[in-house]
Structures are given as C-alpha cells and as structure tokens.
Amino acid sequence: MNLRSLWFKFGAICVCFAVILIMIFMAGLQVFFAPMARDLESQRARLDIDRVTGALFHELTNLHQYTLDWAAWDDTYRFVESPYPEYIESNLGDATFVNLKIDAMMLYKPNGEVVWGKTWDQETGETLHVKELPLDGPPDPGFILGVALGDFKDPYSGYSGIMGTESGLMFVSVRPVFRSNLTGPANGVLLFGRLVRGRLLQNLQQLVGVPFAVFWMHDPKLNDDLRDIADRLTVDEPIYTREVSNSKLEGYTLIPDIESDLSILVRINADRDFFNLTAATFDRAMSYASYLLTAVLGIFAFLVLMLVLRPLARLEAYVRRVQSQPQLEKLDLPKLPRDEIGKLGRAFYQLLCQLQEQSEKLREMSFRDELTGLANRRAVIGYLDERWKLALEQKSDIAVIICDVDYFKDFNDHYGHDMGDEVLKEVASALRRGANKRLDLVARYGGEEFLIVLPGADLHIGEQVAERLVKRVYEMKLPHHFSQVAQYVSVSCGVAAGSPGEDETKEEWIRLADEALYKAKESGRNRFAAINPADLRNLKRSGSYNSVNP
C-alpha cells in the first residue's frame with residue numbers, strides 16, 4: 001500500500017469535502033445531542049414542577065395542622081358553645097393572624113351559622129372582603145362544613161384544599177371543634193384561610209428554588225394564552241413545557257382545587273443553562289476543528305480522530321449507557337479529556353447526578369409507607385411487576401403472601417387508633433424480620449393488610465415463610481383481649497406460589513393469595529393457608545374451577 005498516495009488522496013478528499021463534513025457533523029449534533037439536551041431540560045422542568053406542587057401541598061398540610069391545634073381546644077369549644085369576649089381579646093386579635101400568617105378565620109355552628117369571623121389582608125393589615133367566606137352565613141362551597149364534621153365523633157376529620165376566590169387563590173383548612181382531650185361530639189367547625197400571594201409565594205419560591213406562579217382557571221381576568229395551555233393538559237400528558245426564549249423554559253400543570261376540579265394552573269420558569277452550555281461548547285468545538293482543518297490538512301484527520309471523534313464517541317457511549325442502565329444505579333464520572341467536550345461531559349454528569357438525587361428523594365417519598373416505614377402499595381406492585389416478568393423469562397418461582405391482622409377493627413375500637421398504629425408498626429417489624437432475604441419485599445398493602453413478595457420461592461418455601469410470620473407475630477405477645485381467636489395480636493396469611501404461567505397475571509396471583517387468606521380466616525385465623533396456582537391452572541383447563549374469593 002502506498003502510504004504517501006493514501007495520505008495524498010485522503011488530504012485531497014479532506015480539502016474537497018471539508019465543508020460537507022463540517023455540515024454533516026453539525027447536522028449530527030442537531031439530530032442527536034440537541035434533542036437529548038432538550039429532553040433533559042424537559043425532565044428537569046418536570047422535576048421542578050413536582051417540587052413546586054409538593055411545596056404547595058406541604059404548605060396546605062401545615063395549615064391543616066394549625067387548624068387542628070386550634071380546633072381541638074377547650075377554650076375554642078366553650079367559645080363556639082357560648083361566645084365570650086375574653087376569648088376574642090386573648091386569641092382573636094391581629095397578632096394571631098400575623099403569627100399564623102392567615103387571612104381568614106371563621107367559626108361556624110354545625111348548621112352553618114357564623115359564631116365569629118374575620119377576613120383581612122395580612123400584607124396590608126386592612127380588612128378584606130372575601131365573597132366566598134361571608135361573615136353572615138356558611139362558606140361557598142358549603143359542602144366543606146359537612147365533610148369536616150363527618151360523624152361528629154372523629155377529631156381528625158376535616159377537609160383542606162386550594163379554593164379560588166375573587167381575592168385570589170386561598171389555602172383553606174376546616175376542622176371540627178372538639179375539646180382538648182379530643183372528646184366530643186363536635187359542636188362546630190373552625191376554618192383557616194391563607195391567600196397564595198405576596199410574601200407566602202416568595203417564601204415558597206425561595207424554598208423550592210424555582211420561580212413559579214399559580215392561576216385560577218375560573219378567574220375572568222385570566223388571559224387566553226393560559227387557557228389555551230390548560231386545554232393542552234390531559235390525563236395522559238399532565239405536564240406541558242415550552243421554550244420561551246434561548247434562555248428560558250416554562251412548564252405547566254393543573255392541580256385540583258378544594259372541589260377536586262383541576263382548575264389551578266401552576267407555571268414554573270426554568271433556565272436553559274444546560275442547553276445553552278451544550279450549544280456553546282459545540283460551537284467552540286466546531287471552530288477549533290475548522291481552524292485545524294484550514295491550517296494543516298495533513299494533521300486534520302488525526303486531530304479530529306483523537307480530540308473530537310473519539311471523545312464524542314465515549315461521551316455518546318456514556319450517554320447511551322446512562323439511558324440503558326436502571327434509573328437508581330450509581331453513575332460514574334465519564335472518562336473524557338479536560339477540554340470543552342470533557343467539560344460538557346462533566347456538566348452532563350453533574351446534571352444527571354442532580355436529577356438522580358432529586359428523583360431518588362421523590363421516589364423515596366412516593367414509595368414508602370409513613371406509619372410503618374415499609375414499602376407502600378405502589379412500590380410493592382411495581383416490584384412484583386418487575387419480578388413477575390423476570391420469573392416468566394427465567395421460568396423461575398415466585399411467592400406472594402398476603403397477611404391480615406386478626407380482628408384489628410375490634411382492637412382499634414377498644415384500644416384506640418394510636419395503639420392500633422403502634423401495633424401495625426410492631427407487626428410490620430416482625431414481618432420484615434420474618435422475610436429477611438435480600439430480594440424479599442414486605443409492604444403495607446392497605447389498612448391492616450400486608451403484601452410480601454418472595455422472588456425465587458416455591459410453594460413449600462412460601463408456606464414456611466408464612467408459618468414463620470404467623471408465629472413471630474404471635475410470639476410478640478401484644479395483648480388483644482378483644483380478639484376472638486387468641487389473647488394476643490395475631491395474623492392470618494394466604495400464600496400463592498410457584499412458577500407463573502404465560503397466560504397468568506400478577507393480579508390473578510394476588511387474588512389467589514387473598515383467597516388463601518380467606519381460607520385461613522374461615523379455618524380459625526392465626527394461621528396460614530396456601531393455594532398452588534399450578535393446580536388451579538389444570539382446573540381452569542378442565543373448566544371446573546370456581547373462585548372462592550369472598
């Protein structure tokens with residue numbers, strides 16, 4: 001091979017097609033990296049929206065707690081029963097509104113009659129007329145009084161939400177009025193209101209670190225552009241983003257108001273710093289490549305190969321690997337040179353780490369049961385779906401166990417909900433210790449019911465684990481004198497285990513485990529029962545299977 005001729009031909013080709021190659025290179029960047037950058041900034045906007053909506057509902061939760069503190073108070077109870085001036089002088093002054101950061105406080109009789117009320121603007125300190133909270137009658141919507149009162153016996157009943165008013169959006173919380181020891185029945189309703197504007201909005205923006213605004217869709221002053229954007233939001237596409245300029249991106253979503261109507265539009269403003277950094281970095285890379293091509297055609301191919309194409313290939317491989325790996329897997333720093341491409345790669349890595357950290361926090365919040373610390377229903381269904389597919393692919397076994405605390409309603413009725421919560425925590429701990437293999441997952445499925453997923457476990461192992469769970473809970477010897485099966489707290493378990501069939505679903509196995517649980521309860525509780533799906537599969541084929549699910 002004539003190397004000189006080859007390099008000459010290559011040089012000639014470089015000269016002839018330099019412009020074409022640059023155009024192709026630029027087109028490749030636009031086709032591959034630009035959409036990826038846009039997708040990443042759109043994902044970040046979605047996370048920002050989640051943080052903003054989370055902050056709004058967290059603020060509403062705090063207000064709801066303040067309302068409970070005031071509603072479950074002997075002084076408030078006596079005041080609603082028979083108003084007296086000392087209560088007003090001590091508790092209902094302007095300082096109270098300032099300290100609680102509220103703009104409205106209303107006390108109602110169960111029939112909607114106003115005992116005492118005040119609406120004002122905490123920003124200006126002036127009286128504010130809120131049409132939806134009249135001082136001479138029930139609030140609009142009026143159903144919230146009835147919802148808050150419930151059955152007049154539950155001090156933790158109540159209602160909260162974001163209400164649209166002519167004065168702007170308002171956080172509203174209503175609670176039934178009980179004595180300090182939470183005894184009743186309720187003799188009235190307390191309402192707190194906090195307008196979503198001014199300092200409150202600024203504080204929330206500082207908290208989440210994202211500029212945002214909220215709009216009421218029923219506001220006659222709302223512009224048509226926002227209405228058009230709201231029309232784009234659907235159940236399938238609950239978030240909409242659009243590029244406002246080269247440096248700004250807007251994201252929108254709808255959240256429910258106090259009447260569960262999706263009428264509150266949230267808008268966030270995000271910087272497009274990553275996208276601009278991407279564009280600026282590749283502009284520089286293209287400039288360097290052009291200078292090198294113009295100066296030394298002979299070295300051009302080598303420099304492009306070593307300094308541009310190979311780093312880009314590594315960056316592309318890194319991006320593809322990140323896209324294909326599990327979301328929660330730890331990322332490693334891309335091995336790139338310390339130039340603009342390396343800077344881009346490190347910026348990309350840092351952004352991915354931030355997105356992953358935020359995603360992990362949101363995931364942890366949305367997949368964990370607050371009371372027991374176990375995985376919640378959403379988490380265990382997702383995990384079961386993942387392990388179910390793997391069992392089908394590998395033709396391996398899997399076991400599903402449903403555990404239910406025996407006569408838990410009687411326990412709550414006699415010992416109280418606080419003791420009931422403590423029992424659920426203890427039972428959860430015992431179940432977690434009883435199913436302690438690395439891949440086993442114990443979750444609170446709802447109320448006093450728990451769901452355990454045992455990957456790789458056949459029916460025999462599933463029965464052994466279920467027997468161990470029943471035994472461990474009973475051996476804790478938590479007193480339950482109102483149980484009809486034992487003197488201590490006990491559980492009943494239902495097991496469905498084996499190798500899943502191609503035409504079966506995880507929902508069917510959950511139902512089978514529930515049927516087994518029903519059998520365990522029918523046979524006396526404080527025990528387990530098991531169903532072999534393979535046996536039922538044969539019965540289905542013969543047409544003689546009938547579900548026993550209650």
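## Aromatic pairs and a helix contact

Biologist: Does Y87 count as buried or exposed?

Modeller: The relative accessibility of Y87 is 1%, where buried means under 20% relative accessible area, exposed over 50% and partly exposed in between (1.4 Å probe, protein chains only). This is a predicted model, in which local features need pLDDT of at least 70 and side-chain atom pairs count only at pLDDT 80 or more, whereas totals for chains, interfaces and linings use all residues. Residues are numbered from 1 along each chain as its sequence is written, and side-chain values use heavy atoms, with hydrogens and water left out. At 1%, therefore, Y87 counts as buried.

Biologist: How many aromatic pairs does a search of the whole structure find?

Modeller: Rings of Phe, Tyr and Trp (its six-membered ring) pair if their centres lie within 6.5 Å, and planes under 30 degrees apart count as stacked, over 60 as edge-to-face and the rest as tilted. Searched in this way, the whole structure holds aromatic pairs to the number of 14.

Biologist: What is the angle between the ring planes of W73 and Y87?

Modeller: The ring centres of W73 and Y87 are 5.9 Å apart, and W73 is partly exposed at 26% relative accessibility. The pair counts as tilted because its planes stand at 50 degrees.

Biologist: At what angle do helices α13 and α14 pack?

Modeller: Axes are lines fitted to C-alpha atoms, for helices over the stretch in contact, and angles run from 0 to 180 degrees between N-to-C directions. The axes of α13 (residues 417-434) and α14 (residues 459-475) are 9 Å apart, and the helices pack at an angle of about 145 degrees.

Biologist: How many residues of the contact of α13 with α14 are charged?

Modeller: With contact meaning heavy atoms within 4.5 Å, V427, A430, L431, R433 and G434 in α13 meet V465, R468, L469, R472 and V473 in α14. Ala, Val, Leu, Ile, Met, Phe, Trp, Tyr, Cys and Pro count as nonpolar, Asp, Glu, Lys and Arg as charged, and the others, Gly among them, as polar. The contact has six nonpolar residues and one polar, while the charged ones number three.

Note on methods: Helix = DSSP H or I, 4+ residues; strand = E, 2+ residues; numbered from the N terminus.
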